[in-house]
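Reader: I have just opened this one and would like someone to walk me through it. Could we take it slowly, topic by topic?

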Amino acid sequence: MEQAPPDLERQWQPAPLEPLGHTDAGLQAAVGEEAEGSRDEVPGDGTEHALGLGVLMTENNFGLKKIEISVSEAEKRTGRNAMNMQETYTAYLIETRSVEHTDGQSVLTDSLWRRYSEFELLRNYLLVYYPHIVVPPLPEKRAEFVWHKLSADNMDPDFVERRRIGLENFLLRVASHPILCRDKIFYLFLTQEGNWKETVNETGFQLKADSRLKALNATFRVKNPDKRFTELKHYSDELQSVISHLLRVRARVADRLYGVYKVHGNYGRVFSEWSAIEKEMGDGLQSAGHHMDVYASSIDDILEDEEHYADQLKEYLFYAEALRAVCRKHELMQYDLEMAAQDLASKKQQCEELATGTVRTFSLKGMTTKLFGQETPEQREARIKVLEEQINEGEQQLKSKNLEGREFVKNAWADIERFKEQKNHDLKEALISYAVMQISMCKKGIQVWTNAKECFSKM
Amino acid sequence: MSGGPPKGLPSTGPHSLLDMPHPLAGSSSEEAVGGDSTPSPDLLMARSFGDKDLILPNGGTPAGTSSPASSSSLLNRLQLDDDIDGETRDLFVTVDDPKKHVCTMETYITYRITTKSTRVEFDLPEYSVRRRYQDFDWLRNKLEESQPTHLIPPLPEKFVVKGVVDRFSEEFVETRRKALDKFLKRITDHPVLSFNEHFNVFLTAKDLNAYKRQGMALLSRVGESVKHVTGGYKLRSRPLEFAAIGDYLDTFALKLGTIDRIAQRIIKEEIEYLVELREYGPVYSTWSALEGELAEPLEGVSACIGNCSTALEELTDDMTEDFLPVLREYILYSDSMKSVLKKRDQVQAEYEAKLEAVALRKEDRPKVPADVEKCQDRMECFNADLKADMERWQSNKRQDFRQLLMGMADKNIQYYEKCLMAWESIIPLLQEKPEANA
């Protein structure tokens with residue numbers, strides 16, 4: 001295993017000893033906020049359900065401690081960037097609380113500020129060191145799928161607020177993942193304000209990252225990938241496409257609905273003006289107009305709620321990319337394995353040819369031998385010896401690559417199954433909450449028009 | 001064909017349009033329309049129900065014999081007995097059964113006008129004739145001429161404003177039919193206009209064109225005399241109450257115009273919303289095809305959105321067909337009322353001018369000449385008629401708008417109720433736990 005990367009324990013976590021259970025992080029998990037839907041089972045401790053809990057290995061003892069994480073604030077900052085130019089960015093306050101088993105009270109243990117780029121750094125690190133894990137995605141960097149009233153500006157307070165929630169969700173997903181939660185760099189992200197960036201970079205993870213080119217090459221040339229991964233890749237492509245489409249159309253639907261409601265507001269004004277010239281009809285018209293105003297203004301809250309639904313869909317849109325990353329890693333490993341096997345086979349053949357003196361295939365060596373005369377027996381012995389050593393090494397490598405590959409497939413598929421369950425659960429919840437939103441909107445509509453109808457009846 | 005069960009009011013009838021002879025051609029055409037010789041059980045039923053009413057003297061065209069839609073005549077019969085308002089109504093007019101006629105020169109639509117009355121002015125208790133829009137237009141002009149001191153209800157617009165609308169489409173024809181029905185009912189309800197001879201002829205004559213050609217055979221004296229007032233006189237000032245009416249009508253028409261624009265805008269926005277919804281729903285279906293456990297929930301959401309789309313389409317159709325036309329009708333109404341006000345001004349101006357002329361002559365004879373007295377009479381009649389009509393108009397307007405706006409609220413409530421039902425029914429589907437592991 002000489003070629004194994006230095007920190008093996010970080011890279012190849014054995015399957016967790018505790019059952020995986022349900023590890024879902026609901027979207028609402030800030031401390032103090034109510035979140036009916038979010039349940040977090042602490043691995044190994046099936047009896048505890050709490051809001052937004054994760055499990056962390058503390059630095060000192062490797063015992064499991066329950067923590068609560070929240071991204072509670074966002075603040076605009078100005079500073080100097082790497083090129084010493086002034087820039088404005090938003091910083092987010094991350095608060096970690098440890099929960100005492102006995103009384104459930106939480107104590108603030110850590111609190112620090114991080115900006116979006118640091119979150120990105122953390123995620124990139126996790127992607128490199130846990131290629132078999134479907135790594136939770138970050139909220140979008142720039143506002144996309146906006147409908148006209150929403151701002152596409154990164155500094156817009158609504159966008160910042162939604163991003164704060166998204167970042168919190170990311171941390172909770174990581175903290176509730178049975179494997180990722182144990183990562184030291186993640187722990188330091190939550191606890192070590194200064195120097196964290198240097199610490200991450202010192203792991204040298206950027207160097208370990210697979211080059212995109214290599215990955216692309218492998219995807220095209222791999223001969224025998226595990227069929228499940230190929231199917232999964234197709235699925236994630238289609239999922240990404242369909243959710244993108246859905247989000248785009250939903251944004252347009254929101255736009256149009258906004259228009260419908262707002263135009264009704266004009267009735268308020270004209271009914272009021274009309275009522276001024278009427279005697280008996282006046283009061284009814286006037287009060288009906290008021291209800292039209294209420295109707296028109298109700299759309300703002302309705303659409304704001306719907307944005308949460310869009311955010312839930314977006315998370316899974318980005319998850320599709322994480323799925324693809326795992327598939328790519330498999331293809332890369334498989335391709336590597338196939339290349340190593342091919343290389344070994346060719347070396348074995350060479351060796352055989354040299355040993356038996358037969359040249360079965362056309363080779364340059366064969367040609368030169370014919371042209372310049374055969375080599376001496378001693379030379380031939382030397383070459384055979386070298387080849388035999390290489391073959392030995394190659395066989396060992398192949399064995400270990402095979403083992404690695406199988407380990408990867410096993411672990412990756414376990415996490416994919418976990419992810420599938422999480423996805424089904426979360427999306428069902430999202431659809432339910434969407435339906436509930438629609439029901440609430442319909443009820444409000446019925447209420448307003450019933451009120452208006454009563455006013456009209458009094459005309 | 002006529003042996004079939006009664007189907008309410010068929011809009012085109014079971015008769016092929018090309019088969020139908022010209023409806024205004026003569027009495028024989030009405031019977032010929034019946035088709036086969038054996039009367040249908042429906043027609044027989046109609047006959048037996050009110051046998052005494054259906055004794056046919058020469059030349060009458062009783063209702064119910066020529067059309068297979070005899071359930072409508074049953075309904076009308078019931079209406080005759082129904083004393084909803086507590087008033088004793090003795091005249092009922094209905095417009096229905098639009099039919100398309102294709103002739104060499106033109107294509108047009110006729111409507112069946114059914115009249116039931118116990119008034120002496122009508123020879124028969126029931127009439128059924130066919131009229132086209134032209135005829136209504138003629139009637140209205142005649143009423144304006146012969147009853148210039150009264151407010152004549154408006155007709156729906158003659159020409160189609162937005163050129164793309166098909167004037168033979170079911171929706172357009174139905175909208176127009178309703179407006180024409182309203183027009184005749186308003187006249188029917190008017191204590192003076194309903195007795196107008198032109199109105200009577202319109203309701204009863206088999207050959208209206210012949211009557212039209214005869215010219216103004218029967219004129220009311222008031223109408224004739226007022227008709228000769230030329231517009232040479234200028235009114236100094238409108239009396240307060242009529243000025244107030246004028247101002248009211250101006251603002252009223254303005255506000256209605258605004259409401260019309262708003263309503264149109266809302267419909268436009270709703271249609272654009274509908275277009276997006278029709279794309280939105282199917283995307284959930286597409287997604288559903290990729291999934292296992294989520295397939296049913298996603299498909300359910302797709303169907304739900306489809307149902308909401310349908311409900312929205314019904315709402316926009318209703319608003320277009322029922323709401324907008326009534327608004328427009330009232331705008332036309334107030335326009336025609338303003339012109340009646342102007343005519344009244346004319347009459348007053350003439351009277352005042354003549355009065356002034358007499359005063360200027362400075363004769364000792366205090367006797368006012370006869371023609372000045374006539375002018376005064378004319379003016380006072382006009383004022384009285386107009387005031388009475390205004391009051392009636394105000395009260396009808398109030399009722400009409402109450403109904404119209406409540407109707408609008410109702411349609412919106414129904415739309416939301418349909419959507420609510422769709423979404424509520426899908427919640428249990430979404431909450432279903434899968435039986436086997438996905």
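Author: What follows is a conversation about helix packing, some histidines and a few backbone angles.

Reader: Before we start, what sort of model is this, and how are things numbered?

Author: This is a predicted model, in which local features need pLDDT of at least 70 and side-chain atom pairs count only at pLDDT 80 or more, while totals for chains, interfaces and linings use all residues. Residues are numbered from 1 along each chain as its sequence is written, chains are lettered from A and ligands numbered from 1 in the order in which they are written, and side-chain values use heavy atoms, with hydrogens and water left out.

Reader: Okay, what does the secondary structure of chain A come to?

Author: Chain A has eleven helices and six strands, where helices (H or I, at least four residues) and strands (E, at least two) are DSSP runs numbered from the N terminus.

Reader: And how much of chain A counts as buried?

Author: Of its 459 residues, 49% count as buried, and that word stands for under 20% relative accessible area, with exposed meaning over 50% and partly exposed in between (1.4 Å probe, protein chains only). As for contacts (heavy atoms within 4.5 Å), among those in chain A between residues at least 6 apart in sequence, 71% join residues at least 24 apart.

Reader: What about helix 9 and helix 11 of chain B?

Author: Helix 9 of chain B (residues 240-288) and helix 11 of chain B (residues 370-431) have axes that come within 13 Å and cross at roughly 20°, which makes helix 9 of chain B roughly parallel to helix 11 of chain B. The residues of this contact divide into twelve nonpolar, two polar and three charged.

Reader: Which residues meet there?

Author: Among them are B:Phe242, B:Tyr248 and B:Phe252 in helix 9 of chain B, and B:Leu386, B:Trp393 and B:Phe401 in helix 11 of chain B.

Reader: And helix 4 with helix 5 of chain B?

Author: Helix 4 of chain B, residues 133-146, and helix 5 of chain B, residues 170-189, pack at an angle of about 30° with their axes 12 Å apart, and are therefore roughly parallel to each other. The residues of their contact divide into eight nonpolar, no polar and two charged.

Reader: Switching topic: is A:His264 buried or exposed?

Author: A:His264, which has its place in helix 8 (residues 227-275) of chain A, is buried, with a relative accessible area of 2%. Its side chain reaches the backbone oxygen of A:Val260 at 2.9 Å. Leaving aside neighbours within four places in sequence, A:His264 is in contact with residues including A:Trp449, B:Ile266 and B:Glu270.

Reader: Where is A:His132?

Author: A:His132 is found in the loop between helix 2 (116-129) and helix 3 (157-175) of chain A, and is buried, with a relative accessible area of 1%. A:His132 and A:Val409 are 277 residues apart in sequence, yet 7.8 Å apart in space, C-alpha to C-alpha.

Reader: And what does B:His101 touch?

Author: B:His101 is in strand 1 (residues 91-102) of chain B and counts as buried at 3% relative accessibility. A polar contact of 2.5 Å joins the side chains of B:His101 and B:Thr110; a polar contact is a pair of N or O atoms within 3.5 Å, and within protein one must be able to donate a hydrogen and the other to accept it, while residues adjacent in sequence count only if both atoms are side-chain atoms.

Reader: Last one: what is phi of A:Asn84 near?

Author: Phi of A:Asn84 is near 60°, a positive value in a residue other than glycine. Most residues other than glycine have a negative phi. A:Asn84 lies in the loop between strand 4 (64-80) and strand 5 (86-99) of chain A and is exposed, with a relative accessible area of 53%.

Definitions and conventions:
Axes are lines fitted to C-alpha atoms, for helices over the stretch in contact, and angles run from 0 to 180 degrees between N-to-C directions. Angles under 35 degrees count as roughly parallel, over 145 as roughly antiparallel, 65 to 115 as roughly perpendicular and the rest as oblique. Ala, Val, Leu, Ile, Met, Phe, Trp, Tyr, Cys and Pro count as nonpolar, Asp, Glu, Lys and Arg as charged, and the others, Gly among them, as polar.
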